[in-house]
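Here is a set of questions and answers for a first look at this structure. Keep the view open and check each answer as you go.

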Amino acid sequence: MKEDFLHFVWKHRKTGTSRMHTTSGLLLDVLEVGAHNKLAGPDFFNAKIRIDGQLWAGNVEVHLKSSDWYAHHHEQDENYDNVILHVVWEDDCSVFRKDNSEIPTLALKRYIPDTLLESYQKLFQVKRDTFINCGRDITLVNPIVVENWLERMFFERLERKTTTIFKLLQQRKNNWEAVLYALLLKNFGSKINGEAFYALAMSLDFSIVRKSDRFQLEALLLGMAHLLEGDFVSEPYYGQLKTEFDYLYKKFGLNNTAVPKPAFFKLRPANFPTIRLSQFAHMYGEWPNLFQKVVNSTDMSDLEAIFSAVANSYWDTHYTFGKVSAKRKKKLSKKFIALLTINTVIPLKFCYAKHRGIDANVVILKMMRSLKGEENSILTGFRQLGLSVDNAQDGQALLQLYHQYCVPKKCMQCAIGNQLIRH
């Protein structure tokens, strides 16, 4: 039994009757359950309840046991002085306010229908053959409920990212170009080198990036990432980069001690940091004022044109310095551009629209629905349960659902779990 189940029962009036009795035998008639509070303080605000013929207006607190009132020290907290009813599963002691007046208690254990309790217990039974609680029954849920909930999950995931972006915006003194630069560079590093690339962005100010041409920027990026610290005297291009970096490092008073050296291990050659940083340099060499182009984009063709970055011709026959490979242009793939769109462009467009007080949701949904859903073990799990992951919006929504609801088992706060309990 979890407390959020009792929240669900109270909020949705699942006792089967509004007329009940307190544990002391007083007739209790619930007129309004109140507004569910998910922050600090009582669980439900502004409820209206008639107890023994007298109308009360105030707050409701929910616990598994009455004694939890004291375990949580509510008797010392003035925020709980206006609690008019204590709703519990088990009444194991009397509860008093700070002024020593007793709070009426309702024990839901006496009123929850057996069928509802069985549905709840079924949802939380340990099932080894599914990776989420509702795995066996999720296809029973009304598809409209699932669709609406997943759209909410998608925007909830975007909202979670706004905190980081707005914090970065504040650090960068409201310079949206500098924010885009840092976020893009991080995502050019993907999962393995993302943090190293982000540290690079924090150590190489965007004002310097804006002043640099393509060659200078590639030298700066590779040098700041400790990738020009080898001994490749037979490589003219390496020597040119090294000389340029040493000059710029002193000119701008740079410091790269906080930048970790990026990894090559477990990466496909196309994702090697040498290649990604050269492509990044090409992109900013081509589009020094990238932000407006990105936020004004309305479809993937716009972004594919913007992100059509190619590594320097040296890398046509190299993936690392000093080692020749088969000749091949190192251009950003459509798949990688899609990842940049999902992880950088869409969150930034959402934040910028929010910052300006405009609604960009239609454009954002259109772009996400035009992209193919990602491939990973979590989304494969949902596909095996019968859910469609047709596009990137589905994928992002399901990742939010999995990490924020399924893993912490917040089924009673999930529309899908609620539907199964009501089923």
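Q: Which elements do the buried residues of α8 pack against?
A: This model is predicted. Helix α8 covers residues 214-224. Its buried residues pack against α5, α6, α7 (206-211), α9 (236-251) and α10.

Q: How many of the 11 residues of helix α8 are buried?
A: Buried here means under 20% relative accessible area. Leu217, Glu218, Ala219 and Leu220 are among the buried residues of α8. Leu221, Leu222, Gly223 and Met224 are buried in α8 too. The helix is mostly covered, and the number of buried residues is eight.

Q: Which residues have the most contacts inside the largest nonpolar core?
A: In soluble globular proteins, nonpolar side chains tend to be buried together. The largest nonpolar core here has 136 residues. Those with the most contacts inside this core are Tyr284, Phe307 and Leu401.

Q: Which residues does tyrosine 284 touch, not counting residues up to four places away in sequence?
A: Tyrosine 284 is among the residues with the most contacts inside the largest nonpolar core. Setting aside residues up to four places away in sequence, tyrosine 284 touches Glu177, Leu180, Tyr181, Leu184, Phe206, Val209, Leu217 and Leu290.

Q: How many residues are in another core that lies apart from the largest one?
A: The largest nonpolar core holds 136 residues. Apart from it lies another core, with Trp69, Tyr80, Val83 and Ile103 among its members. The number of residues in that other core is five.

Q: What is the volume of the largest pocket, and which helix gives the most to its lining?
A: The largest pocket has a volume of about 2000 Å³. Of the 49 residues that line the pocket, the closest to its centre are Ser190, Lys191, Leu339, Asn343 and Glu374. Elements giving two or more residues to the lining include α4 (143-171), α6 (190-203) and α16 (392-406). With nine residues, the element that gives the most is α13.

Q: How many disulfides does a search of the whole structure find?
A: Cysteine 134 is buried at 12% relative accessibility. Cysteine 351 is buried as well, with a relative accessible area of 0%. For the whole structure, the number of disulfides found is zero.

Q: Which residue in the turn between β1 and β2 has a positive phi?
A: Strand β1 (residues 19-21) and strand β2 (residues 27-32) run antiparallel and are joined by three bridges. Arginine 19 has aspartate 29 in β2 as its bridge partner. The two strands form a hairpin with five residues between them. The turn residue with a positive phi, about 95°, is glycine 25.

Q: What is the bridge partner of valine 30 in β4?
A: β2 also pairs with strand β4 (residues 44-51). The pairing is antiparallel, over four bridges. In β4, the partner of valine 30 is isoleucine 49.

Q: Is aspartate 52 buried or exposed?
A: Aspartate 52 sits in the loop between β4 and β5. Its phi is positive, about 55°, although it is not a glycine. Exposed means over 50% relative accessible area. At 54%, aspartate 52 is exposed.

How values were computed: Residues are numbered from 1 along each chain as its sequence is written. This is a predicted model: local features need pLDDT of at least 70, side-chain atom pairs count only at pLDDT 80 or more; totals for chains, interfaces and linings use all residues. Side-chain values use heavy atoms; hydrogens and water are left out. A nonpolar core is a set of buried Ala, Val, Leu, Ile, Met, Phe, Trp, Tyr and Cys residues joined through side-chain atoms within 4.5 Å. Buried means under 20% relative accessible area, exposed over 50%, partly exposed in between (1.4 Å probe, protein chains only). Contact means heavy atoms within 4.5 Å. A disulfide is a pair of cysteine sulfur atoms within 2.5 Å. Two strands pair if DSSP finds at least two bridges between them. On a 1 Å grid over the protein atoms alone, a cavity is a set of points where a 1.4 Å probe fits but cannot get out, and a pocket is an open set with protein on both sides within 12 Å along at least five of seven lines; lining residues have an atom within 4 Å of a point. Grid points are joined across faces, edges and corners, and a volume is the space filled by probe spheres set on the points.
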